[in-house]
Structure formats: C-alpha cells, structure tokens
Amino acid sequence: MTTDTDLRALRILHFSLVAGSIAFLAVFTLARRQPDAADLPDLEAVFQLAGALAMTGVVVAFITFKRLLQQASIRNVSTDRFAAVRAALIVHWALIEGICMLNGIFYFLSGSLLNLGLAIAALVVLISRAPTRERLEKWMLGIG
C-alpha cells in the first residue's frame, strides 16, 4: 500500500516539527528573564486561562484529522490517498504544534509554570502521534 520511502518522509516531517518545538521551548526557557512588576501587571492569570483554553485545540486537532481522513477515504482512489493522508497529518501536527508554541509564548511572557507544563503536554501529544507502519496503514484506510 505505502512504500518505505513514504513512511520515511512522514517520519522526517514529524521529527522536524518535534525538533522545532523542542528548540522553540528551549530558547524561550533559556532566554526568559524575570519581568519587572510593572511590565505585566496581573496578566499571569490571563495567560494561564488562555493557555488552558488553548488545550481544547488538541481535541479539535483530533476531530479535524479524523474528518480529513474520512473525506480522503471517500473521495480519493488509492493513488491519491497517501497525499490526502499526508495533508491531513500536516494539518493535525501543525494544530498541536501551534498549541505548544502558544503556551511557550505565554510562559515566556508570564513565567507561568502552568503554561510551560501545558506546552510540554502538547509536545508529548505531538510526539505520541509519530507515524508508524501500523498507524499509516490505518490512516490509509481512513481510520483515525
């Protein structure tokens, strides 16, 4: 159904997104300075709330991925199916990565460890969605 080259390409793409997210969080953690009290008055709670609400985007990422896979299995013949699965994966991974980065930015601005924890949680979800041969075969069948 899919070749080793297809799977390898997805793994490289996934690894790149994960590595970029790790680098992003590392730079924000290392470059963060303690802001003066007047810089961000009482915004830590706002950033924590916004970051926690952003985590609902993980659910949106999974729902979107499942819908894109279902649409791909209905519309595409087998030759186009891998391209549709790859596109669905890119959207899925990008949504999760965006949540990671958003919480990383909130951490950088506020120093809230909750936001750092949420960013790491989103990163763990992204890592857990790595493509494997078995997963790719399911995704090709339209099963999310």
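Mentor: Let's go through the fold, the core and the surface.
Mentor: This is a predicted model, so local features need pLDDT of at least 70 and side-chain atom pairs pLDDT 80 or more, while totals for chains, interfaces and linings use all residues. Residues are numbered from 1 along each chain as its sequence is written, and side-chain values use heavy atoms, leaving out hydrogens and water.
Trainee: How many helices and strands does the chain have?
Mentor: Six helices and zero strands, taken as DSSP runs (helices H or I, at least four residues; strands E, at least two) numbered from the N terminus.
Trainee: And what share of the residues is buried?
Mentor: 35% of the 144, with buried meaning under 20% relative accessible area, exposed over 50% and partly exposed in between (1.4 Å probe, protein chains only).
Trainee: Which residues touch the most other members of the largest nonpolar core?
Mentor: V85, L89, L136 and W139, out of 26 residues in that core. A nonpolar core is a set of buried Ala, Val, Leu, Ile, Met, Phe, Trp, Tyr and Cys joined through side-chain atoms within 4.5 Å.
Trainee: Which helix gives the most to this core?
Mentor: α4, with eight residues. Helices α1 (4-31), α3 (56-75), α4 (78-110), α5 (113-128) and α6 (133-140) each supply at least two.
Trainee: Switching to V60: where is it found?
Mentor: In helix α3.
Trainee: Why does V60 count as partly exposed?
Mentor: Because its relative accessibility is 45%.
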